[in-house]
Amino acid sequence: MNSVAPTAAGDGIEPRRPQPTPATSSGSESTPAATSIRDDQTSAGAMWRGWRLRLLVLAALAGCIAILTLAHWLGEQTRLDARWRTDPASRIQLVSTDDPQLRPFVGRRLVAIVAGEREIAFDSLAALQAAPRWAVSDEARKRLNALHDQLYQAFSRDSVTLRFDRGDSVQVIPRAAGISSLSIGFWLTCSAVLILYVVAVSVLLANPQPHTQLFALIATCQAVNMAFLAVETALQWGYPPALTRIDAPWRSCLDLLTAAAVVHVTSIHPRRLPASRLLVAGVWSLVVLLGAALFADLLPQAWWWSQLTVAALAAASLGLLSWSHRIEAHPYSLLLRTLVAMALAGWLTLSAIAVLAERWPGLHLQFHAIGPMLWSVVFISLLMLVPFLSQSRVALREFALVAGVSTFAAIFDLLLVAFFSFGPLGSVALTFFLSIGLYAGARHWLLDRLLGQRTLSTERMFDQLYRIAREVEVHPDRAPLLLMQLLQDLFEPLEIATVPAIAGETAVVKGGGSAMLVPADLADLAETDSEQPGTSIVLRFARRGRRLFTAEDARLAARIVEQLRHAIAFDRAVEHGRFEERQRLAQDLHDDIGARLLTLMYQSKSAEMEDYVRHTLQDLKTLTRGLSTADHRLSHAAAEWKTDLHQRLSAAGIVLAWHCDYDRDIALSVVQWSALTRMLRELVSNTIAHARASRVEVSLHLSYRVLELRVSDNGKGSQPDKWAHGLGLGGVRKRAKQLGGQVSWLQLRPNGICCVVKINDFTVSE
């Protein structure tokens, strides 16, 4: 019943390609999506200019005129210039008056009213406050109608006699006091009627769709119902015969129309259910037949028929909304289900108290004084909140909580007065403290479920943010997909996809909260020169359709994108600084240490010393070349490793068996090249120094991003699980862990040791 409520695919956003893990429901009917973003082009100011504004003004003027006409008619009704209340025994007592004839009787109890030869006796003020609509039995309603008719006829005479206790009586002249005599309660009630009426007209003019037309019907029915309550607060002594005859059937029919409209709207909104036309036709036929029977007075126990039918229709609406949510997890179905459940609980509570009030006079008095008015205020407040559900999530949550606690407080106060004989002050004080306790205890639990809980912790989010930044540097084309994965973990949308870039540089909420757009432009995220058009990510319905997106969500998404840009820029700056430092170190090693070693090689006094220095120079050359190069092809690195190991092992008299295969000739980063180089050198050095082996076998295998390095020998090593790992073997573990891998040592049969380094996710660049 929201004037701006979008359908599942009708908020003006068309995905360019499907999401990685779509969450669509089978058999779901969806409207065709628009081909571009409706950037709220029809703003509120533009919408309410022209014919809409003129019609709204005319409707508001018509409502004001109707209320003033009603007030004028009520002001012409005759009444006594006096104020009455109920004493502890539920008897009528004169409180104050400006009539000199009645002043001597202030504080006295009214026993009866005499008009001509007819005497009307009273035993409680409840008889004057009760409306025929809430008389449970047919007999009670007939007695109440007869009493109102008698009182109205009595006060239509020129004078009446008021008989008080102790046998005293006084003759007074009823007069019409005019509009100024109407109470504040009447004007407040009429204000609520006018506001609800204007809201209904506004919603209908803003979006004249079937569901908004039904909302207007519901609001109009309840506005008329509230107008009946306003009349009750103004009429002091009896209802006019015309009002007495129509009060019960009219107000019952208004409630039936409201319930039928609720069933109708839940069968078509937020999605049209299968066989909805047949269901709606049956519901409206039932309501029309029942309403005709009520007006013709053909139904025995008519009050029970109307109350139970309204409750059954509300329960049917709950079932339809649950069915709708199972077919398509739309957040509006959950919101509407919550509101309908609140209304149904209030309706059943009010009906139960009305039944109990027939048996307990104290409860009867309290019920007719505040019961129907409280119910109408709560229900009308819900109605006026419905058009703003998508824009006022905080207001909805707080109102739902306050309305629930207020309803509990009113019911508990009635029960204290009726069953435990509490005084007004004591019952209000106890109810107030219990309500505060209930509010404080339930608020945290309730808001957690209305808001939804973040499934992605802060630690995990920053870890993913850093990982995405590193991967975007290597694969700029994967930036939208990586960001989509992060947003999906954070918001759990019902759908997520990419669309062409939208004007604007920040995340925005669209469709009244049904969708959120997040920019994922490659130029912003990876500084690429690709000609590919810009990209934005669209998310629909957070928490798998259980809630709408809010402005806080948009700000969070914008901060995530901004932090991702900062992380990429920072990582790029750090890597650039590292590269420059490596180049400086490589140059210094080449110019200084290399020159000294070259001089030492030419000055060597033996062939063995010259050969050793030559190998050291070769190692230095490999090291400086690795430090000064940004990346290394695996084939080139493998050739250098093989040459280096062959020279070192040959000098020690050890045979090298080399095996290398890979599915892609990848480019190793400096970190990867350096870690693999040092692990190979350390493992071979350990074999030369301790194993006394005659053969070393090195196997390097890369397949589907899984890298496995094996170094085995036929030496005398044994029981590797008992080794004390010093700097050498500890360094192997550290470098393997740096690459995201693990190391294990195995004992071979009949002799020898095998070291296995396995990296399951060897992230590489092409």
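Among contacts in the chain that link residues at least 6 apart in sequence, 72% join residues at least 24 apart. The model described here is a predicted one. The chain has 766 residues, of which 46% count as buried, and 22 helices and 19 strands are found in it. With this overall picture in hand, the helices can be taken a few at a time.

Helix α5 runs over residues 184-206 and helix α6 over residues 210-234; the two pack at an angle of about 170 degrees, and their axes lie 9 Å apart. Angles over 145 degrees count as roughly antiparallel, and the packing angle therefore makes α5 roughly antiparallel to α6.

A second pair is formed by α7 and helix α8 (residues 276-295), which pack at an angle of about 180 degrees with axes 10 Å apart. That angle makes α7 roughly antiparallel to α8. From α7, the contact draws on P249, W250, S252, C253, L256, L257, A260, A261, V263, H264 and S267, while α8 supplies S276, L279, V280, V283, W284, V287, L290, G291, L294 and F295. The residues of this contact divide into 16 nonpolar, 5 polar and no charged.

Staying with α7, a closer look can be taken at one of its residues. R251 lies in this helix, which covers residues 241-268. Is R251 buried or exposed? With a relative accessibility of 2%, R251 counts as buried, because the cut-off for being buried is under 20%. Once its neighbours within four places in sequence are left aside, R251 is in contact with A131, R133, W134, N225, F228, L229, E232 and I246.

The buried residues are A479, P480, L482, L483, M484, L486, L487, Q488, L490 and F491. Just after α15 comes E492, which takes a positive phi of about 50 degrees.

Which residues of α20 are buried? They are L634, A637, A638, W641, D644, L645 and L649. These residues cover an arc of only 135 degrees around the axis, which puts them on the same side of α20. The face turned away from that buried side carries the exposed residues H636 and A651. Following α20 is G653, whose phi is positive, near 75 degrees.

The place of M601 is in helix α18 (residues 551-602), and at 9% relative accessibility M601 counts as buried. M601 and V613 are 12 residues apart along the chain, and their C-alpha atoms are separated by 5.6 Å. Not counting residues up to four places away in sequence, M601 touches E610, V613, R614 and L617.

R337 is found in helix α10 (residues 331-357). This arginine is partly exposed, with a relative accessible area of 29%. Where R337 and L318 are concerned, 19 residues separate them in sequence and 5.8 Å in space, C-alpha to C-alpha. Leaving aside neighbours within four places in sequence, R337 is in contact with L318, L321 and S322.

Finally, V57 has its place in helix α2 (residues 51-75) and is partly exposed, with a relative accessible area of 42%. V57 and V198 are 141 residues apart along the chain, and a distance of 9.3 Å separates their C-alpha atoms.

Notes: Residues are numbered from 1 along each chain as its sequence is written. This is a predicted model: local features need pLDDT of at least 70, side-chain atom pairs count only at pLDDT 80 or more; totals for chains, interfaces and linings use all residues. Side-chain values use heavy atoms; hydrogens and water are left out. Axes are lines fitted to C-alpha atoms, for helices over the stretch in contact, and angles run from 0 to 180 degrees between N-to-C directions. Helices (H or I, at least four residues) and strands (E, at least two) are DSSP runs, numbered from the N terminus. Angles under 35 degrees count as roughly parallel, over 145 as roughly antiparallel, 65 to 115 as roughly perpendicular and the rest as oblique. Buried means under 20% relative accessible area, exposed over 50%, partly exposed in between (1.4 Å probe, protein chains only). The arc is that of the directions from the helix axis to the C-beta atoms. Contact means heavy atoms within 4.5 Å. Ala, Val, Leu, Ile, Met, Phe, Trp, Tyr, Cys and Pro count as nonpolar, Asp, Glu, Lys and Arg as charged, and the others, Gly among them, as polar.
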